[in-house]
Amino acid sequence: MSKIKHYFTRQFYRFANRCIHLNKWGLYLLTCLSPVVLAQDGPPPAPVVVAEVEETELAPTVWVAGSVISRNDAQVPAEVDGRLVWVVEVGTHVKNGADLAKIDNTLTTLELAEFEAEVERVGARIRFLEQEVARLQRLAKRNNAAQTLLEETIANRDTARGERAVALARLAQARVRLERSAVKAPFDGTVVERRARPGEWVDSGNAVVRLVDPNAVEVQARVPIASMPFLRRGVNVRIKVEDNVVSATTRSLVPIGDAQSRLLDLRLDFDEPSWPVGQTVRVAVPTAAARTVLAVPRDALVLRRTGAAVFKIGPDDTAQRVEVITGIASGSLIEIKGDIQTGDRIVIRGGERMRPGQKVVVVTTSNES
């Protein structure tokens, strides 16, 4: 009979384990219903979830505010003066080199035609002078031409060559101005703001659109100067948005404090594609060096007026109340000091109504949940 009863007891606690994970009241209902379901003499064993005490490195941290920013965030300017004839719409995703705006280029086109004609004119003069120099050189060999006339013609030819170089430079400048009458995207990104509208006059250097790359993101935070020794490049820290906690890597820390706030500029690389640019985050910044401690999940603590305690499960599956002193905390773990050793099983769920010496049934452990 005892074997049958033990079988149904185990099946009941397996069902209870599912209830615990599906409903936060499952553990409470299980405790209330255990006497009815099991129909056994005396107080029933308390169903609990346990975790093992572990030795790990923890560092005291402070949570500071930060935000997700883009490494490619630019106010794209006009490079020539002129009237805007077209500007890309807000929200448009563009590729590197795509047109963001166009400036009226009528005058530049006319200048281009003028300089092309100037290059042709000077080129024709150079060809004539080169032929004249060759003719005078042949006559000079027969002493039929004055040396002075030859030298003058050579000087005119060289001057014309200089004029052609100037004309070619002006032609190249006109072509560049014509090309730059179209404002180009310097990188892939999304247009988030139009700083000028079609029909407005813009000068060279005036911002036309704001372009942001939503894929090249990082976290920026302002951290205390005291954290500087513990934030080397490559150090992992935690960042969170509400209950979503992810790991981030220190990319850079500007070692110069702000004159007003006395804070340093921290940049972090992370991998969380659902966080958009502008998202506010919290960053766990270490304030002291990490040290090896005994740690348990925060849920293991039973807090009373007299202090903190945990329930340790003995080899005979009975609960022992152990007074502890808490220390540094990091994430879900917290340091404890007391009659606790590495590997001890500690109740992390189901200990709220537990009494010292009460029998327990372990329905799961934290690394199985």
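Helices (H or I, at least four residues) and strands (E, at least two) are taken as DSSP runs and numbered from the N terminus. The model discussed here is predicted.

Q: How many helices and strands are there in the protein chain?
A: Both kinds of element occur in this predicted chain. The count is four helices and 23 strands.

Q: Which strand pairs with E17 over five bridges, and in which sense?
A: E17 covers residues 291-297. At one point of this pairing Arg 291 in E17 stands opposite Leu 58. The partner joined over five bridges is E2, and the sense is antiparallel.

Q: Which residue of E21 stands opposite Pro 297?
A: E17 is also joined to E21, residues 333-338, by three bridges, and these two strands run antiparallel. The residue of E21 opposite Pro 297 is Leu 333.

Q: Which elements give two or more residues to the lining of the largest pocket?
A: The lining has 20 residues, and those nearest the pocket centre are Ala 59, Val 235, Asn 236, Pro 286 and Ala 290. The elements that contribute two or more residues are E2 (54-58), E13 (236-241) and E16 (280-286).

Q: How many of the lining residues of the largest pocket are nonpolar?
A: About 430 Å³ of space lies in this pocket. Its lining includes six polar and three charged residues. The nonpolar residues number eleven.

Q: Which elements give two or more residues to the largest nonpolar core?
A: This core has 21 residues, and those with the most contacts inside it are Val 219, Val 223, Ile 239, Leu 268, Phe 270, Trp 275 and Val 283. The elements that give two or more residues to it are E3 (61-70), E12 (217-224), E13, E14 (244-254), E15 (263-270) and E16.

Q: Which residues does Val 223 touch, not counting those up to four places away in sequence?
A: Val 223 is among the residues with the most contacts inside the largest nonpolar core. With residues up to four places away left out, Val 223 touches Val 64, Leu 231, Leu 253, Leu 263, Leu 264, Leu 266 and Val 285.

Q: How many residues are in the other core, which includes Val 80 and Leu 84?
A: This core lies apart from the largest one. Ala 101 and Ile 103 are also among its members. It has 19 residues.

Q: Is Arg 262 buried or exposed?
A: Arg 262 is found in the loop between E14 and E15. Its phi is near 60°, a positive value in a residue other than glycine. The cut-off for exposed is over 50% relative accessible area. At 55% relative accessibility, Arg 262 therefore counts as exposed.

Q: What is the relative accessible area of Asp 317?
A: Asp 317 lies in the loop between E19 (307-313) and E20 (319-330). It is not a glycine, yet has a positive phi of about 60°. Asp 317 is partly exposed, with a relative accessible area of 31%.

Q: How far apart in space are Arg 135 and Leu 150, C-alpha to C-alpha?
A: Arg 135 sits in helix H3, residues 106-141, and is partly exposed at 36% relative accessible area. In sequence, Arg 135 and Leu 150 are 15 residues apart. Their C-alpha to C-alpha distance is 9.2 Å.

Conventions. Residues numbered from 1 in each chain as written. Predicted model: local features only at pLDDT ≥ 70, side-chain atom pairs only at ≥ 80, totals over all residues. Heavy atoms only, no water. 1 Å grid on protein atoms, 1.4 Å probe; cavity = no way out; pocket = protein on both sides within 12 Å on 5 of 7 lines; lining within 4 Å. Points joined across faces, edges and corners; volume = space filled by probe spheres on them. Nonpolar A, V, L, I, M, F, W, Y, C, P; charged D, E, K, R; others polar. Pairing = 2+ DSSP bridges. Core = buried A, V, L, I, M, F, W, Y, C linked by side-chain atoms within 4.5 Å. Buried < 20%, exposed > 50% of the residue type's maximum accessible area, 1.4 Å probe, protein only. Contact = heavy atoms within 4.5 Å.
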